Amino acid sequence: MGDQPVQQSLADKVSLFVDNSLSKEDKMQFISEMQNDPAISEMVAQEKYFKDFIKNKVPRRKVSPNMIEGIMRNIDSKS
């Protein structure tokens, strides 16, 4: 259980890497870590596959203009 924060940190890095959200320095360091640890490369491949699947294979429901208008009205009334 003591490894959970480290694992979470690694999962965060993988997600940030796949999203291209790491700084140049962090990206270079992470690439080096991937080259030294095949398990990290596998995690990256799985994350890319999962995000691609969600983006391209899961149908999105269309939101009606009335719903958008209602949400905007609700936001405006609370501010």
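Let's start with Lys51 and Glu47. Their side chains meet in a salt bridge, N to O, at 3.4 Å. Why this pair? Lys51 and Glu47 are 4 residues apart in helix α3, so about one helical turn separates them. Keep in mind that this is a predicted model.

Now stay on Lys51. Its side chain also meets that of Asp19 in a salt bridge, and here the N to O distance is 2.7 Å. This pair links distant parts of the chain. Asp19 lies in the loop between α1 (4-18) and α2 (24-36). Lys51 sits in helix α3, residues 38-57.

Asp19, Glu47 and Lys51 are linked in a network of salt bridges.

On to helix α4, residues 65-78. Which residue does Glu69 pair with in a salt bridge? The partner is Arg73, and the closest N and O atoms are 3.0 Å apart. The spacing is 4 residues within helix α4, so Glu69 and Arg73 are separated by about one helical turn. Glu69 has 47% relative accessibility and counts as partly exposed.

And the overall tally? How many salt bridges does a search of the whole structure find? The search finds 4. Among them are Lys51 with Glu47, Asp19 with Lys51, and Glu69 with Arg73.

Terms used: Residues are numbered from 1 along each chain as its sequence is written. This is a predicted model: local features need pLDDT of at least 70, side-chain atom pairs count only at pLDDT 80 or more; totals for chains, interfaces and linings use all residues. Side-chain values use heavy atoms; hydrogens and water are left out. Helices (H or I, at least four residues) and strands (E, at least two) are DSSP runs, numbered from the N terminus. Buried means under 20% relative accessible area, exposed over 50%, partly exposed in between (1.4 Å probe, protein chains only).
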